[in-house]
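Let's take a walk through this model together, one piece after another. Have the sequence and the 3D view ready as you read.

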Amino acid sequence: MNVSENLRMTVYSSLFAALIAVGAYIAIPIGPVPIVLQNMFVLMAALLLGTRWGSAALGLYLLMGACGFPVFAGGTGGLGRLLGPTGGYLLGYIPAVWVAGFICARTGKKLWGDVMAMLIGSLIVYASGVPWLKFATAMPWEKAFAVGMYPFLVGDALKIVAAAYCVKLLRPMLKNNKANVGNG
Amino acid sequence: MGKSTQFSYRPGNFVLFRLDVRCKIICICLLSIMMAMAGFSHLSLISTVLLWFLYRSGINIRMLIWELKYFFVILFFVFAVRAIVTPGVPVPILQILGMDVFEIKHIDLLNHINITREGLVDGCKVVWRFLIIMIMGLLFACSTQASSLNVAVAWFLKPFPFIPEKRVGIMVSLFVRFLPMILEKANEISDAQKARCAHLRKNPVKKMKNITVPLLKRVFICADTLAIAMASRCYNEHRTEQDFLKSGYEFHFYAGTIAFYAFILFYKSPLSFH
């Protein structure tokens, strides 16, 4: 069956948008604070789908959340959440995915390029989320960093390592699927 | 999400369930914007209307509060920060709560906390606004079918030249289709890992890898099967469009929204410091 590239990527983008939504619910207990897989799927969308389709997946996820579907962390949704104190992190996902996808494509999808892309992507999320949190709650900068960034850095480092490993495993699989689907 | 929650769509006969989806989206967007200007009187009015809608939509308020528990934690945090950092007339809240001056002097942290009257009022107002926007989102989600939303999304995106509105519409319905499937697969994998004692592993990266890799492999296989099924049914973006169902009450909702806007503009709420 000849499946067009557009249709395949449309399905993959929707799948990643759903994975990002579900990622907020899949918690891995590693200590007192469990790790949720949401940002890991965001970064993987950038690396596996590229700039265009990765951004489309994030756009769809935010659109569904804005429409009121319970896809944001904690089973919430709606414009209130998107424009609320943690809205900066959510809106920061789109530029983060675009930049991470761009870096990944430029570095030839090598392991060090993937890690660098995810590091810069994570920084963009914080660069958007922390100032938003600061202005929405009117808290000082030090407090905004203390509650909105520092506690998550270790978890983010672990997610980047796990995501780099998963992307390395999944890339050939997607390539094969593409070939099989195209030639079948 | 895979299970039925207070946020899931449920069939109903109340006017919200029969209303044109475009009307619902427009009213929610306008009301969300208006919330930024709303004072206590305006918030009381709209809260009363929304509570009536919740009751008529058959939503279990107790279950709803339970499902929103994490959201309430965020709201409390926002309230506390607003109460502390907003400048104004200090409120001796600890004395009111029954802690005497001696006790307070011996708790260093409490000496630095300066709760103000303006902060308390502002915190209440901000938290109330967020809560109202959240309830509007909930009412929309529980009264709107995914297929209607798909068509409405395509209709709204039509005027934008660089956005393929029908593709976005189909992505919306695929998204809704994938959510329960991913949760089901994640639960299956989690149970399989537990059966192999994988939850006793100490390495967090391995824990993540053990769940993520099989999950992604399985869902990508499902996505490929779906893409083939769509292609075999000659899927294309030039399909017959679904009609919008109208209840006949759309005008009332638009008029109500505009009337509420006029109420916000021309009636200044008491207890406003701005």
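Which residues have the most contacts inside the largest nonpolar core? They are A:A45 and B:F175, and the core has 120 residues. A nonpolar core here is a set of buried Ala, Val, Leu, Ile, Met, Phe, Trp, Tyr and Cys residues joined through C-beta atoms within 7 Å. Buried means that 20 or more other C-beta atoms lie within 10 Å of a residue's own, while 12 or fewer make it exposed and values in between partly exposed, with C-beta atoms placed from the backbone.

Before going on, a word on the ground rules. This is a predicted model, in which local features need pLDDT of at least 70 and side-chain atom pairs count only at pLDDT 80 or more, whereas totals for chains, interfaces and linings use all residues. Residues are numbered from 1 along each chain as its sequence is written, and chains are lettered from A and ligands numbered from 1 in the order in which they are written.

Back to the core: helix 2 (residues 38–66) of chain A gives the most to it, with 20 residues. Helices (H or I, at least four residues) and strands (E, at least two) are DSSP runs, numbered from the N terminus. In chain B, domain 1 (9–145 + 243–274) and domain 2 (165–236) both contribute residues, so the core lies between them; these bounds come from an automatic or database domain assignment. Contact means C-beta atoms, placed from the backbone, within 7 Å.

Chain A has seven helices and two strands, in the order α-β-β-α-α-α-α-α-α along the sequence. Of its 184 residues, 55% are buried.

Now for the meeting of the chains: 55 residues of chain B are in contact with 51 residues of chain A. On the chain B side, helix 12 of chain B supplies the largest share, 20 residues. That side has 42 nonpolar, six polar and seven charged residues, where Ala, Val, Leu, Ile, Met, Phe, Trp, Tyr, Cys and Pro count as nonpolar, Asp, Glu, Lys and Arg as charged, and the others, Gly among them, as polar.

Methods
Contact = placed C-beta atoms within 7 Å.
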